[in-house]
Amino acid sequence: MVKKPALHPYSDRPSFERLMLLIATFIEYPGIGCADPNHSSSEGDHHQALEEVCDRLQDTAKAYGIELPAYSLPTIRKDVGVLRQYGILERRMYRWGYYLGTGALQKDELRLAIQALQSQAHHQGDPTARRVCERLELRLRGLNLETKGHLFFPVRSHLNRVIVHTDPEEMMQRGQYRKTLFHQLDVIENAIAQGQRIEIYRQREPYHTMDIGHMTVYPMQLIYSDIAWYLLYEYVENGHFEVERLDRLSNSVTIVDANGRGTDTQLKRLTIAHQLLTQGWGLYLGNPEEQQQEKAGKLGLTKVIVRFFPPAVDFILEGECRHPTQKIRKSRNTDNQYIDYIVELPGRSLNEFCRWVYRFMQAAKILAPSELSDKHYQAALGVVQSYEHI
């Protein structure tokens, strides 16, 4: 006699659809059911979490065009138990919201990503990263307890600190409100992703090298460098690339073309801009005329030679990848140890390179070109004179 197959409790279509939609809900709304830490409730956390799960379950069903009855909390609680049974959910409490696994990352990869976010949020003052970190720390609290606190331990950190106010919420709390582009980061990030044409406003320029006023540009990337956040953008009228500090741009942003030029074009233009950054030294990309010649390969490079003496020698030798064109020539004289640092740079980068050399004071001497050597000599005389008049 043929044995009848044992039917699974979810073999009927409604039960199966409910279970699949529950999984889809956890994917669509990671952290769902997490109670607001600023709102106290007399209800149990688990019951409160499942109420929100039920609401979002209905939203997910509607999104897929499926009519789903209003199921009771015990039914959904039973479904959650089945997901635990099959390892889709882990066998632990989800007091701070439900989510599946670690998304696209393994636990070690997730830990590394969290450390990068923590550093960007804390030291680089990224308000968006800070809010994401706060949600992750709440949402992954159970996993952090399971790993004995290793998940959020800052094994790695990037210590370069931002020198201006970046977080609108902190500005309001400290009474340091600034009408800068930091107040419009969500608009800028969306414009970058879609290649939208926007109008922004430069409200100050302390070095008088750029004009104050409105600019119509394609924003291309948010960059953190050394002490501050910058915006890399391309002028619409002439395709000129420029980098400007975010706090020098106002919070005035107008979307000129909502359709945008698309991700492919954005990536192609971004690649060209980064080629310029790689060829140069620093963030200044030159004026429109010289940048156009550089992009066309018609602009010659300047060979710069700097002789470094102890104690700077060892520091310079450690930097094997400071610039793609660099060469280091060591002294053959054992009694007079020095090295020659040789690099080829576009003219636009010479001022930024000189400022880097000035950090080493008497341990550096510019040998070529002669105009940079004279400039360095005059700067050294200026330092001496400033001390003579104290």
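Is D247 buried or exposed? D247 counts as buried because its relative accessibility is 6%; here buried means under 20% relative accessible area, exposed over 50% and partly exposed in between, with a 1.4 Å probe and protein chains only.

A word on ground rules before you click on. This is a predicted model, where local features need pLDDT of at least 70, side-chain atom pairs count only at pLDDT 80 or more, and totals for chains, interfaces and linings use all residues. Residues are numbered from 1 along each chain as its sequence is written, and side-chain values use heavy atoms, with hydrogens and water left out.

**Stop 1: salt bridges**

R245 counts as buried because its relative accessibility is 10%.

Next, select R92 and E146, another salt bridge, whose closest N and O atoms are 3.2 Å apart. This pair links distant parts of the chain, 54 residues apart: R92 sits in the loop between helix 3 (73-85) and helix 4 (107-122), and E146 is in helix 6. Helices (H or I, at least four residues) and strands (E, at least two) are DSSP runs, numbered from the N terminus. R92 is buried at 13% relative accessibility, while E146 is partly exposed at 41%.

Now go to helix 5 (residues 127-139) and pick R130 and E134, which are separated by about one helical turn because they are 4 residues apart. An α-helix has 3.6 residues a turn, so residues three or four places apart point the same way. R130 and E134 form a salt bridge too, with the closest N and O atoms 3.7 Å apart. E134 counts as partly exposed, at 43% relative accessibility.

**Stop 2: T166**

Select T166, in the loop between helix 6 (141-146) and helix 7 (168-174). T166 is buried, at 5% relative accessibility. Who are its neighbours? Not counting residues up to four places away in sequence, T166 touches G125, D126, P127, M171, F182 and W229, contact meaning heavy atoms within 4.5 Å. Zoom in on G125: its backbone oxygen lies 2.3 Å from a polar atom of the T166 side chain.

In that loop between helix 6 and helix 7 you'll also find K148. Its phi is near 60°, a positive value in a residue other than glycine. K148 is exposed, with a relative accessible area of 73%.

**Stop 3: helix 12 and what follows**

Colour helix 12 (residues 350-358) and show its buried residues: L350, E352, F353, C354, W356 and V357. These pack against strand 6 (302-308), helix 11 (312-318), strand 8 (339-345), strand 9 (364-368) and helix 13 (370-388).

Go on to M361, in the loop between helix 12 and strand 9. M361 has a positive phi, near 50°, and is partly exposed at 48% relative accessible area.

**Stop 4: cis peptide bonds**

Finish with P369, found in the loop between strand 9 and helix 13: a cis peptide bond joins A368 and P369, with omega about 0°. Then select P310 and P311, where the peptide bond is cis with omega near 5°. P311 is in the loop between strand 6 and helix 11.

Conventions
Polar contact = N/O pair within 3.5 Å; in protein donor to acceptor, adjacent residues only side chain to side chain. Salt bridge = Lys/Arg side-chain N within 4 Å of Asp/Glu carboxyl O.
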